[in-house]
Amino acid sequence: MATARLDYVAPWWTYWLHNFPHFNFFFQSIDNTFKPEDASYQQSLIFLASVGAVGLGLSLLVLAVFLVCLCCCRKDIDDETKRPSTCCLTWSAVITGLIICSAVGVGFYGNSETNDGVYQLTYSLSNANHTLGGINNLVAGTLGNVQTGLKQHLERLDEIFAAKSEFLNSLRFMQMMVNNVIHEMMALPDINKANVDLAAIADQTALVEYYRWLTYLLMLILDLVICLAMCLGMAKQSRWLLITIMAFVVLSIILSWASLGAGTATAVGTSDFCVSPDKYIVNQTKDFLTADVAHYYLFCSPNLPNPFQQSLTICQRSLTTMQIQIQGLLQVTVPIFPTAERDLLGIQRLLNSTEFSLHQLTALLDCRGLHKDYLDALIGVCYDGVEGLLYLSLFSLLAGCVLSAMLCAIFRVWTLMGSRDKEYDDIDEEDPFNPQARQMSYNPRRSNIHSFCSYTSSLGSQASIQPPLPSASNASPPEYMNQSMLFGRSPRYENAPLIGRGSPPPSYSPSMRTTYLSMTDAQIRHFGTDFQA
């Protein structure tokens, strides 16, 4: 009996994953045959899942070493060296962001492929469950018609034909045919358990797949948001935003390595199944299906005989024989026993409906329908499903590594921002060339300090008290007053008494000297001795 099948060949990546070393908790190599109920095999999958924990530990170790080096080797950075360092960090952040975006694209593709494969699996399981449910209903309906309906009619006919022994012999023969049908129907395999198992597996798989798909989708969106927020934080130079980003980066690193471990274990376990699925299914169905029935549906080869053909043939012949007997009894017995016509016609209707159900049952028991669903499920799991898991594992690996580098870059930018703020805090606020002083708000206390430079404007504010002086010449403003315009006309610098501090302007124009010499005694008393030479 040939068992080779050419319509399904496991993809090469399943063989590659199947050859991964399988170790238990004691680092002992075990058989890589798919046995999910075996404790040693479960330990091997958990051991493979621990690769995510190892990656997470290495990432945390690298981050700890980086932080130690950053704290121990930190030194003062001047303006000439600060600019190249910031540029290098910017390019590092840009490169990590691009890699993360590429990894997210790979993740979206892998998530979609895995979802398609699992959907094809659940769809095939639902179709197979529908087929098995139809078989179960037809068998139950046929047994009900034969055991209940036909027997009742035959019992009443036995009472009617009690006086005719030849008619009773026909009824005995029909009863024997009914028993043959019942026996053959009872000999069919009980597929109720398979029907229930497929429905439960399909529902559980669909539920798990929904949460898996949603979890990966949120992870992908989180990585994209981290990239955008990092660019915004570096552009805005916002320390609180960078701190928030670092917290989410740490969370994303943990999720990435955890998903890598889970994806690797799932891909290897699924590949172990995909390499030899027939053997596992035969072992799982041996309690309610014989080996020849399981091979008939798994391989569906023309060389394999139909294990139900003999039972179906016996049932069909028995029904045909009863149809012939009923036709003869209708012609012979109705003129003699008119009351027997109702039961004879009732038997004829039951035989017709039973024969129709038997034809449907023969079509459903054929291997081609269930075998197609089986192949579709295998292709969905072993091709699209495992391929998608490989892409998701690649995404998790890239995200875990690149996010660790991104976290280092973000922390370095955060420290540089802190150093820059500290340098700004060390600058003297009284320095007129302090960039922060240019942004200081107007202080009314300082505006009361008058200078020689603002003497003309001060007189304008006091016009109601003292008579205005003759207007100055039309000469251009002094050079140092033009320089004060650089500070945004701040009263602090325009009203600074430079002469009173012993710091006269570098040169005096004729108009300035004329204005100074024309001050009255009242004006001198008003301004005090600030302008005394």
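Which residue's side chain does a polar contact of 3.2 Å join to the side chain of H153? The partner is R156; a polar contact is a pair of N or O atoms within 3.5 Å, one able to donate a hydrogen and the other to accept it, and residues adjacent in sequence count only if both atoms are side-chain atoms.

The model is predicted, with local features requiring pLDDT of at least 70 and side-chain atom pairs pLDDT 80 or more, while totals for chains, interfaces and linings use all residues. Residues are numbered from 1 along each chain as its sequence is written, and side-chain values use heavy atoms, without hydrogens and water.

Please remain at H153, which is found in helix α3 (residues 79–160). Helices are DSSP runs (H or I, at least four residues), numbered from the N terminus. H153 has 14% relative accessibility and therefore counts as buried (under 20% relative accessible area, 1.4 Å probe, protein chains only). Beyond its neighbours within four places in sequence, H153 is in contact with D343, G346, I347 and L350 (heavy atoms within 4.5 Å).

Next, select helix α4 (residues 165–187) and helix α9 (residues 309–333), whose axes come within 9 Å and cross at roughly 160°. Axes are lines fitted to C-alpha atoms over the stretch in contact, and angles run from 0 to 180 degrees between N-to-C directions. The two helices, α4 and α9, are therefore roughly antiparallel (angles over 145 degrees). Residues at the contact include F167 and M174 of α4, and I314 and L329 of α9.

Finally, select D278, I281 and V282 in α7, which meet A294, H295, L298 and F299 in α8.

How values were computed: Buried means under 20% relative accessible area, exposed over 50%, partly exposed in between (1.4 Å probe, protein chains only). Angles under 35 degrees count as roughly parallel, over 145 as roughly antiparallel, 65 to 115 as roughly perpendicular and the rest as oblique.
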